[in-house]
Amino acid sequence: EGIPRIYIAANSGARIGLVEEVKKQFRVQWNDPLNPASGLEFLYLDEESVDVLTQKGMAQTELVTAKDGTKKHKITAVIGPDGIGV
């Protein structure tokens, strides 16, 4: 019941994927951690992952303050191999 999903859509009809290395690293900042069905605030990287993925040029982040007051590295872009955003 209420399994949260992330839906990504594009108007071009192109198939969109996500680089496995990034997919394994991102975390979810829930609107209400006790009720994931309420949706998510944003996707983020932890301190270890943000260093690795930004050094490789695979992700761009923005340091933000979540609703719960914690500082997180919000994902603003994912860059795949050869500069392809995925």
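Which residue in strand 4 does valine 64 stand opposite?

1. Valine 64 stands opposite lysine 72 in strand 4. The model is a predicted one, in which local features need pLDDT of at least 70 and side-chain atom pairs count only at pLDDT 80 or more, while totals for chains, interfaces and linings use all residues. Residues are numbered from 1 along each chain as its sequence is written, and side-chain values use heavy atoms, with hydrogens and water left out.

2. Strand 3 (residues 59-65) and strand 4 run antiparallel and are joined by seven bridges, where two strands pair if DSSP finds at least two bridges between them, and where helices (H or I, at least four residues) and strands (E, at least two) are DSSP runs numbered from the N terminus. The two strands form a hairpin with five residues between them, and glycine 69 in the turn has a positive phi of about 90 degrees.

3. Strand 4 (residues 71-78) is also joined to strand 2 (residues 40-45) by two bridges, again in antiparallel fashion; here leucine 45 stands opposite histidine 73.

4. One salt bridge is counted, taking the term as a side-chain nitrogen of Lys or Arg within 4 Å of a carboxyl oxygen of Asp or Glu. Arginine 27 and aspartate 46 form this contact through their side chains, at 4.0 Å from N to O. The pair links distant parts of the chain, 19 residues apart, with arginine 27 in strand 1 (residues 27-30) and aspartate 46 in the loop between strand 2 and helix 2 (47-55).

5. Arginine 27 is partly exposed at 33% relative accessible area, and aspartate 46 is likewise partly exposed at 27%, given that buried means under 20%, exposed over 50% and partly exposed in between (1.4 Å probe, protein chains only).
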